[in-house]
Amino acid sequence: MPKDKKEKKEKKESKSKKEKKEKSHKEKKEKHSSKNKDNNAMEVDNISPVTTGSTPTVTPAEIKPDKGLIVHYDLRALIPFAQPLASEKLTREIMIVIRKAARQRHCRRGVKETVKAICKHQKGLVVMAGDVSPMDVITHIPVLCEDHEIPYVFIPSRADLGFSCATKRPTSVVMVVPDRKNEDNNLEYKENFEKCLNEVKELEQSMLR
């Protein structure tokens with residue numbers, strides 16, 4: 001008989017412990033959910049209301065990414081033959097052109113694709129990074145461009161070059177190859193591209209002088 005009583009007591013104690021644990025667990029869950037609700041309410045309060053009318057507010061998704069391009073114009077890591085070198089203003093314009101051309105798949109990224117495009121006599125603009133290491137990777141590209149009469153230019157940062165053509169990795173060289181057959185497809189960046197081409201040609205002529 002005493003054994004049975006002990007077993008009953010142990011069972012009651014274990015049940016009471018389980019019930020206490022379950023209660024504490026439920027209380028913690030309730031506290032956590034109430035905190036999340038409060039945080040969500042605070043976030044909703046902080047959001048500015050969208051006005052309805054002729055001039056709706058612009059959400060971050062509607063802002064064009066081209067305006068957010070940041071130019072890292074640092075000339076400390078330039079390779080010796082990085083000429084002609086674009087100015088900070090021209091670098092920004094070139095990055096915008098590359099961004100728009102990448103959307104229409106008019107970009108050749110990397111050394112291999114650029115060399116193939118040049119050897120196939122495709123016309124466009126070659127943009128190289130001035131901080132490539134080792135520099136031997138792109139030493140032959142300016143010579144190829146001159147042989148095929150293709151304008152080329154350097155910008156200081158390969159990280160900027162990679163970012164402008166929508167890649168996560170830095171890029172050493174990019175060639176913008178507009179679709180000459182379908183001129184309507186170039187309307188998005190045609191004027192900017194021609195403006196950059198003219199400025200690059202002026203830089204090349206000033207180098208020869």
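I call it a contact when heavy atoms lie within 4.5 Å. I take helices (H or I, at least four residues) and strands (E, at least two) as DSSP runs, numbered from the N terminus.

Before starting I note that this is a predicted model: local features need pLDDT of at least 70, side-chain atom pairs count only at pLDDT 80 or more, and totals for chains, interfaces and linings use all residues. Residues are numbered from 1 along each chain as its sequence is written, and side-chain values use heavy atoms, with hydrogens and water left out.

**Entry 1. H2 against H6**

I looked up helix H2 (residues 88–103) and helix H6 (residues 190–208). Their axes come within 10 Å and cross at roughly 135 degrees. Axes here are lines fitted to C-alpha atoms, for helices over the stretch in contact, and angles run from 0 to 180 degrees between N-to-C directions. H2 and H6 are therefore oblique to each other. The scale I used: under 35 degrees is roughly parallel, over 145 roughly antiparallel, 65 to 115 roughly perpendicular, and the rest oblique.

I also noted the hand. H2 passes H6 in a left-handed crossing. Left-handed means that the near helix is turned anticlockwise from the far one by less than a right angle; clockwise would be right-handed.

Which residues meet? From H2 I listed Leu90, Glu93, Ile94, Val97 and Lys100; from H6, Asn192, Phe193, Lys195, Cys196, Glu199 and Leu203. The residues of this contact divide into six nonpolar, one polar and four charged. I counted Ala, Val, Leu, Ile, Met, Phe, Trp, Tyr, Cys and Pro as nonpolar, Asp, Glu, Lys and Arg as charged, and the others, Gly among them, as polar.

**Entry 2. Salt bridges**

How many salt bridges does a search of the whole structure find? I got two. The test is a side-chain nitrogen of Lys or Arg within 4 Å of a carboxyl oxygen of Asp or Glu.

One joins Lys195 and Glu93, at 3.4 Å from N to O. This pair links distant parts of the chain: Lys195 sits in helix H6 and Glu93 in helix H2, 102 residues apart. I checked burial next. Buried means under 20% relative accessible area, exposed over 50%, and partly exposed in between (1.4 Å probe, protein chains only). Glu93 counts as buried at 16%, and Lys195 as partly exposed at 41%. Leaving out residues up to four places away in sequence, Glu93 touches Lys195, Cys196 and Glu199.

The other pairs Arg76 with Asp74, and their closest N and O atoms are 2.8 Å apart. Arg76 is exposed at 76%, whereas Asp74 is partly exposed at 35%.

**Entry 3. Cis peptide bonds**

I found a cis bond from Gln83 to Pro84, with omega near 0 degrees. Pro84 lies in the loop between helix H1 (2–46) and H2. Another cis bond joins Ser133 and Pro134, where omega is about 0 degrees. Pro134 belongs to the loop between strand S2 (125–129) and helix H4 (140–147).

**Entry 4. Positive phi**

Arg105 is not a glycine, yet its phi is positive, about 60 degrees. I placed Arg105 in the loop between H2 and strand S1 (107–109). Its relative accessibility is 73%, so Arg105 counts as exposed.

Glu149, also not a glycine, has a positive phi of about 55 degrees. I placed Glu149 in the loop between H4 and strand S3 (152–155). Glu149 is exposed, at 69%.
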